[in-house]
Amino acid sequence: MLGKKSIPTSNLYLIYYPRNFSILESDTCYRNWASMDSNRYYRNQFDDYASSGNLNIVVNDGSMIHDAFKSVLTVETKKLMEILEENERMWLSRDDYSVYTGSAGIAYTFYHYGKSFNDAAYIKKATGLLERCVTKFKSRHEITFLTGVVGPLALTAVILHSQRKEEEAKQLILKLKSLATYVIEKRSDVPDELLYGRAGYLSGLLYINANISPPPIEPDIIKQVVTTIINSGRMYASANHCQSPLMYSWHETEYLGAAHGLAGILYLLLQARQYLTQVQMDSYVKPSLYFLQRLQFPSGNFPSSMESHSDKLIHWCHGAPGMSALFCLAHKVFEDNTFLDTAVRCAEVIWQRGLLTKGYGICHGVSGNAYAFLHLFQHTQDIKYLYRACRFAEWCFHYGTHQCRAPDRPFSMFEGLAGVIYFLVDMQQPHMAKFPSYDI
């Protein structure tokens, strides 16, 4: 239910005092079950998938979640949603209107939840929150779906269009398109990566066209954006004698992961492939994928940047979780089985080391890592990956129990509770699940 409720002390404990959870009797067996294997992750003691096991989690011959587990999943998702709502005063008081850590991300979760559970009250609340975000967001220089005004504009436009408020949606889309001039300006200081750069603007354009029919963003605008991204990467790679035909730098570091680096940019370009020329695909995108593929560690993980040799980070933003989606899509597009092999190796290291002490969030936590299994399940139909996603979802039922520190924005989509809820809602229909802003 929507509405004001008293805040249970135990729920605040979940969010703000995760270090002290060992004093709670209910956590004792869970804590012993999952001893910490390093300062970054817990040893995964879940049994891996076995077709002969009667675990009441997945249906072996049906490629679906077992009704018993789905029932628990629904109950636990609604419990976490109640906690999010009970703490509205705390997350609404921040002057952050982004999808990544602000009100727009929480609205995105409300919208996703409302659609999944056919609850118009949550869609209405999402609409009100997003309209507020659009009004409050002033900077034209923050142009991405996740951290800029593009996210609130795109989400609000899609919702209003679904409510047959076409003229209001059209005005928001015009505002979004007007940013293209700044984005493609060669002399602007816009980076190219997903979180703060051109790839993040591209994700907004693609999201609009994927969710409104007929697609309102003209092909020429998208072609200009993708060409600008490719030319930027080509020129940087040439000037710096990179082995990859495309390379990018953010804050003077050649990042490789989904949020700031080459993988995230390539993933958006592949999703925009209908707007790329064959030369762009064959001469720049495909060989850049092969270059990135060669950087995979024997463990299956990836370095966070060209400067790093550390095999530590198992995050969507840095490491194997953000790579699995890229190489699944690369396999679909280019039909090279080595790309699928790369994605599978990503999944293995995530299963081993993906239950993070850092927490549960989408950007650098357990729920974000679980999307790697969903990508592989969707791509291969191998139920093992659905099972693994279910196990990571089960871990998220205990939100707050196993994390070394509370997130800076504990209710947000990409760092906190709203993102965990979004993932658990996606688990209701795993064949349709999409990582927010990354999967279009």
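Predicted model: local features only at pLDDT ≥ 70, side-chain atom pairs only at ≥ 80, totals over all residues.

Residues are numbered from 1 along each chain as its sequence is written, and side-chain values use heavy atoms, with hydrogens and water left out.

**Pockets and cavities**

On a 1 Å grid over the protein atoms alone, a cavity is a set of points where a 1.4 Å probe fits but cannot get out, a pocket is an open set with protein on both sides within 12 Å along at least five of seven lines, and lining residues have an atom within 4 Å of a point. Grid points are joined across faces, edges and corners, and a volume is the space filled by probe spheres set on the points. In the classes used here, Ala, Val, Leu, Ile, Met, Phe, Trp, Tyr, Cys and Pro count as nonpolar, Asp, Glu, Lys and Arg as charged, and the others, Gly among them, as polar.

| Space | Volume | Lining by class |
|---|---|---|
| Largest pocket | about 620 Å³ | 9 nonpolar, 7 polar, 4 charged |
| Second largest pocket | about 450 Å³ | 11 nonpolar, 6 polar, 4 charged |
| Largest cavity | about 70 Å³ | 4 nonpolar, 4 polar, 3 charged |
| Second largest cavity | about 40 Å³ | 4 nonpolar, 2 polar, 2 charged |

The largest pocket has 20 lining residues, and those nearest its centre are Tyr267, Gln271, Leu329, Lys332 and Ile440. Two or more lining residues come from each of α10 (198–211), α12 (262–271), α14 (320–334) and α16 (366–380), the helices being DSSP runs (H or I, at least four residues) numbered from the N terminus. The largest share of this lining, 4 residues, is that of α14.

For the second largest pocket, with its volume of about 450 Å³, the lining has 21 residues, and His112, Lys115, Tyr422, Met432 and Lys434 are the closest to its centre. At least two lining residues are supplied by each of α5, α10 and α18 (417–426), and α5 gives the largest share, 5 residues.

The structure holds 2 cavities of 30 Å³ or more. Residues lining the largest cavity include Trp91, Arg94, Asp96, Arg409 and Phe411, whereas the second largest cavity has Glu193, Tyr248, Trp250 and His260 among its lining residues.

**Arginine 94**

Arginine 94 sits in the loop between α4 (88–92) and α5 (103–116). Its relative accessible area is 38%, so arginine 94 is partly exposed, a class that lies between buried (under 20%) and exposed (over 50%), for a 1.4 Å probe and protein chains only. Beyond its neighbours within four places in sequence, arginine 94 is in contact with Asp408 and Arg409, where contact means heavy atoms within 4.5 Å. A polar atom of the arginine 94 side chain lies 3.0 Å from the backbone oxygen of aspartate 408. Arginine 409 is 315 residues from arginine 94 in sequence, with a C-alpha to C-alpha distance of 9.4 Å.

**Helix α17**

Because 12 of the 14 residues of α17 are buried, the helix is largely enclosed by the rest of the structure. Among these buried residues are Arg388, Arg391, Phe392 and Trp395.

Technical notes. Polar contact = N/O pair within 3.5 Å; in protein donor to acceptor, adjacent residues only side chain to side chain.
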